[in-house]
Amino acid sequence: LAANPSAEPSDPSPSPNPNTTTTPNLYLSAFSLGGNVCLKLLGEMGDGSAPEWDGVRIRGAAVNCVPFDPAACSPLLSEDNFNRLVYSGNFLKTLVPKAERQFEKLGADAFPAAFDMEEVRAATSIGDFDDAFIAPIYGFADKWDYYNTQGCLSGGYLPKIRVPCFALNAIDDPFIRDVRLPTPDDVQDAPMTLQYTRYGGHCGFLAPEELGGRDWMPRQLARFVAHARDSWATDEPQP
């Protein structure tokens, strides 16, 4: 989350409300599942006219390696042997203990009746964990209900975005690949730029040193944020 470095400072002169400050323009950046959350948030925000967005000045976003359609990506994590054993296996080593600590701290009464901690401990894939922990905790019918409704693409949020966004994904990303990457038809008239590279893996973009080397990806994101800041800083989200 970055504030606009060119935003004007608060007026130092006396004001009837001493707590009044100038709200800076904000630009979001996220990767992987966080990128999906970011784009879903912007779709929910839309033009920012709803009361809950009053005073929120998000003016753009740059994300990468986004699982736009979690349901389409799920089999790559759960059924691919390498991804299941190496990525999911290591991730579960942190997820399950966190769930156990939360369960022990809050007690069984704080969890839904259908929740079963033993099912969480038995999870062997991210999908299993989402079915056993995420879905019942947050009121989803199952992992598929969670994936389909919360995906920025599958949930229909992308066309609702009204601030400039940039999404960078690699076709060879082992967790996403090209199973369901958005097209211009999916984005419709949202101010969104999609860039798909042949290589890059999952957050592993590398380039020749003269093009940025291992910093190529963050530089691409930063360039877009700078462009959004310079071109849209004083504009309201598109209607």
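Helix α3 is where S88 is found, in a model that is predicted. The protein chain comprises 8 helices and 5 strands, and 42% of its 239 residues count as buried.

**Surroundings of S88**

- S88 has a relative accessible area of 0%, and therefore counts as buried.
- A polar atom of the S88 side chain lies 3.2 Å from the backbone oxygen of L77.
- Residues up to four places away in sequence aside, S88 touches L77, N83, S125 and I126.

**Overall fold**

- Read from the N terminus, the order of elements in the protein chain is β-β-α-β-α-α-α-α-α-β-α-β-α.
- Among contacts in the protein chain with a separation of 6 or more, 72% are between residues 24 or more positions apart.
- The protein chain exposes about 13,100 Å², of which carbon and sulfur atoms supply 54%.

**Nonpolar cores**

- In soluble globular proteins, nonpolar side chains tend to be buried together.
- In this model the largest nonpolar core has 27 residues, and L39, L42, F68, L158, I161, C165 and M192 are those with the most contacts inside it.
- Two or more residues of this core come from each of β2 (26–31), α1 (33–45), β3, α2 and β4.
- Helix α1 gives the largest share of this core, with 4 residues.
- Apart from neighbours within four places in sequence, L39 is in contact with V63, V66, F68, C152, Y157, L158, I161, C165 and M192.
- There is also a second, separate core of 19 residues, with A71, V96, V120 and I126 among them.
- I126, a member of this second core, is also one of the residues that S88 touches.

**Salt bridges**

- Side chains of opposite charge can pair when their charged atoms come close.
- The structure holds 6 salt bridges, including the examples that follow.
- E44 and K40 form a salt bridge through their side chains, at 2.5 Å from N to O.
- Both E44 and K40 belong to helix α1, where they are 4 residues apart, about one turn of the helix.
- R121 and E118 are both in helix α4, 3 residues apart, about one turn of the helix.

**Surface patch**

- A nonpolar patch on the surface is formed by F82, L85 and V86, which together have about 340 Å² of accessible area.
- Within this patch, V86 is located in helix α3 (residues 81–106).
- V86 counts as partly exposed because its relative accessibility is 37%.

**Loop residues with positive phi**

- Most residues other than glycine have a negative phi, and most peptide bonds are trans.
- C65 is a residue other than glycine with a positive phi, near 55°.
- The loop between β3 (58–64) and α2 (70–78) contains C65, which counts as buried because its relative accessibility is 0%.
- R177, also not a glycine, has a positive phi of about 50°.
- The loop between β4 (165–170) and α7 (184–187) contains R177, which counts as partly exposed because its relative accessibility is 32%.

- Y199 is part of the loop between β5 (192–197) and α8 (216–232).
- Y199 counts as exposed because its relative accessibility is 54%.
- The side chains of Y199 and R198 are joined by a polar contact of 3.3 Å.
- Beyond its neighbours within four places in sequence, Y199 is in contact with A170, D172 and F205.
- From C-alpha to C-alpha, Y199 and N169 are 9.0 Å apart in space, while 30 residues separate them in sequence.

Conventions
Residues are numbered from 1 along each chain as its sequence is written. This is a predicted model: local features need pLDDT of at least 70, side-chain atom pairs count only at pLDDT 80 or more; totals for chains, interfaces and linings use all residues. Side-chain values use heavy atoms; hydrogens and water are left out. Patches are made of residues with over 30% relative accessible area and no salt bridge: like charges are joined within 9 Å, nonpolar side chains (Val, Leu, Ile, Met, Phe, Trp, Tyr) within 5 Å. Accessible areas come from the Shrake-Rupley method with a 1.4 Å probe; for residues, only the protein chains shown count as cover. A salt bridge is a side-chain nitrogen of Lys or Arg within 4 Å of a carboxyl oxygen of Asp or Glu. Buried means under 20% relative accessible area, exposed over 50%, partly exposed in between (1.4 Å probe, protein chains only). Contact means heavy atoms within 4.5 Å. A polar contact is a pair of N or O atoms within 3.5 Å; within protein, one must be able to donate a hydrogen and the other to accept it, and residues adjacent in sequence count only if both atoms are side-chain atoms. A nonpolar core is a set of buried Ala, Val, Leu, Ile, Met, Phe, Trp, Tyr and Cys residues joined through side-chain atoms within 4.5 Å.
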